[in-house]
Amino acid sequence: MDQAVNSDPVNAADSGRQRWRNWIGFWLLGLCNNFAYVVMLSAAHDILQKQESHNTTTPTPAPNGTNTEISKSSRYDCSPVSTAAVLLADILPTLLIKFTAPFYIHRVPYGFRVLVCFFTAVVSFLMVSFSSTILMSIFGVVFASISSGLGELSFLSLSVFFSRDVLSGWGSGTGAAGVAGALLYSAFTQAGLTPQVTLWIMLVVPVILAVRSAERSQLSGVAPIKKIHCINVSFPLMISFSYFFLLVFPSSFPQWRRHEDGHSASRVINSQERRPLIEEEADTDEDTETTQEEQEDKHIRPLSFTDKIYIMKGLLKFIIPLGVVYFAEYFINQGLLELLYFPDSHLSHAEQYRWYQTLYQIGVFASRTSLVCFKIRKIFLMSLLQCLNAVLLAFAVYYQFLPNPWVVFIIVLYEGLLGGAAYVNTFFFIREETAKREREFAMAAASVGDSLGIALSAAAAFPVHHYFCSL
């Protein structure tokens, strides 16, 4: 076959530009896809207090009415409802999607999936910012969960159509979403804006684009601004832009059609020729692998239900450690951090909680970006360390031996580093060790690991919250 194309320097340059475009595209997809999810968790404390307090940015006061019992009788500054309620609303729809979608989502073209992600993300911000009851706020969080869950599953599957570089872009972008969402929410609310106004700002982000004139002033040395456009760019809209206009898709990519459309009966291979789930040989030439895969995909039959169950069994060695990592870290985030309140600090309870979330997300961003520098194969080791963090902070809540919130800041930063590293390395090694024809399904199916761990942690956080608040 003619493979001399890669030797052409012009084509090589084009290939380099395409890889950068795809990396940036996946970075933006990760950023925008996780943004609403992160904002809802950062706003969890305020969402629960929104209808129960006249000032949502002050320390969590005892709510009016019949809900004052638990706050007055407890040595902790407790909300009547654990922030795990918001976490459950944020993760259960995602969990349902990730459990079921890998078995049928291939029938839905990627283009339609992206449009669904866009509209559900917009609805989530609108519902939460306009809500007058906790129930309406929770429904808004549910829409954010649908958008994030469908997006994560789809974009992880989508990454197998590109070079392995895009996976690091996706991981870094999802980490950046954590930093951007948590940091912006914390900064705006601490500056005095209400959570409602803050959510509006985050739905429609004003971006000023300065278009410089072609000629620079020789005297002043400053380029005069020829024109300024104020453009309102929403994070959900950036998902559509990144997907439809930034990514450079392979020519055979099924944008608006079902996957089966590209497989005729004459191209189906025998099921006995199925390769094992985990391949031990390493891919040493990623540059030529993508085009070779495109040719091979034309001759590969769709996976059967039995094939998918077989693949799921092989993925358990990745799913279980990832689930344990996320169980421990979200048990900390939504079950314990709300109870780690230091009254002597100049930060209010709400402010302490928001900065816990922000520093956690900074750790996640740093470790998810680290994939370009090094890889960690032993995910189980990170799950063990994360469990030790959970035990340490559980004792800290009960015995109250930590002197100030700064110690907690350091611990949650470390917690974020472990969680982010576990996530990005899990999917990197799934991609590397899974047979080509199984990668798209495997990437989608394995994404259930983190969501399952998060859902279980939210369920465990409810009795723990009630126990501590009853002391």
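Reader: Let's start with Ser168. Where does Ser168 lie?
Author: Ser168 lies in helix H7, residues 165-190. Helices here are DSSP runs of H or I with at least four residues, strands are runs of E with at least two, and both are numbered from the N terminus.

Reader: Before I go on, where do these values come from?
Author: This is a predicted model, where local features need pLDDT of at least 70, side-chain atom pairs count only at pLDDT 80 or more, and totals for chains, interfaces and linings use all residues. Residues are numbered from 1 along each chain as its sequence is written, and side-chain values use heavy atoms, with hydrogens and water left out.

Reader: Ok. Is Ser168 buried or exposed?
Author: Ser168 counts as buried, because its relative accessibility is 8%. Buried means under 20% relative accessible area, exposed means over 50%, and partly exposed is in between (1.4 Å probe, protein chains only).

Reader: What is Ser168 in contact with?
Author: Trp23, Arg368, Leu371 and Val372, leaving aside neighbours within four places in sequence. Contact means heavy atoms within 4.5 Å.

Reader: Arg368, ok. Which ring does the charged end of Arg368 sit over?
Author: The ring of Tyr423, 3.8 Å from its centre. The rule for a charge over a ring: NZ of Lys or CZ of Arg within 6 Å of the ring centre and within 35 degrees of the ring normal. Arg113 has its charged end over a ring too, that of Tyr110, at 4.0 Å from the centre.

Reader: What does Gly420 touch?
Author: Arg368 again, plus Val364 and Ser367, leaving aside neighbours within four places in sequence. Gly420 lies in helix H14. Gly420 is buried because its relative accessible area is 0%. Gly420 and Ser367 are 53 residues apart along the chain, yet their C-alpha atoms are separated by 5.1 Å.

Reader: New topic. How many aromatic pairs are there?
Author: The count comes to 23 aromatic pairs. One of them is Phe327 with Phe331, which is stacked, at 6.2 Å centre to centre and 15° between the planes. Rings of Phe, Tyr and Trp (its six-membered ring) pair if their centres lie within 6.5 Å; planes under 30 degrees apart are stacked, over 60 edge-to-face, and the rest tilted.

Reader: Where do Phe327 and Phe331 lie?
Author: Both are in helix H11, residues 305-336. They are 4 residues apart, about one turn of the helix. Phe331 counts as buried because its relative accessibility is 13%. Phe327 has 32%, so Phe327 counts as partly exposed.

Reader: Which residues form an aromatic cluster?
Author: Phe26, Phe162, Tyr243, Phe244 and Phe249 form one.

Reader: Back to H11. How do H11 and H16 cross?
Author: At roughly 35°, with the axes coming within 7 Å. H16 covers residues 448-469. Axes are lines fitted to C-alpha atoms, for helices over the stretch in contact, and angles run from 0 to 180 degrees between N-to-C directions.

Reader: Which residues make that contact?
Author: Among them are Phe327 and Phe331 of H11, and Gly453 and Phe468 of H16. The residues of this contact divide into 14 nonpolar, 6 polar and 1 charged. Nonpolar covers Ala, Val, Leu, Ile, Met, Phe, Trp, Tyr, Cys and Pro; charged covers Asp, Glu, Lys and Arg; the others, Gly among them, are polar.

Reader: What about Ser145, where is that found?
Author: In helix H6, residues 134-158. Ser145 counts as buried because its relative accessibility is 0%. Ser145 touches Ala89, Asp90, Ile91, Pro93 and Thr94, not counting residues up to four places away in sequence.

Reader: And Trp20, buried or exposed?
Author: Trp20 is exposed, because its relative accessible area is 60%. Trp20 is in helix H1, residues 9-42.

Reader: Now Gln400. What is the phi of Gln400 near?
Author: Near 55°, a positive value in a residue other than glycine. Most residues other than glycine have a negative phi. Gln400 lies in the loop between helix H13 (379-399) and helix H14 (405-433).

Reader: Last one. How many helices and strands are in the chain?
Author: The chain has 16 helices and 2 strands. Of its 471 residues, 53% count as buried.
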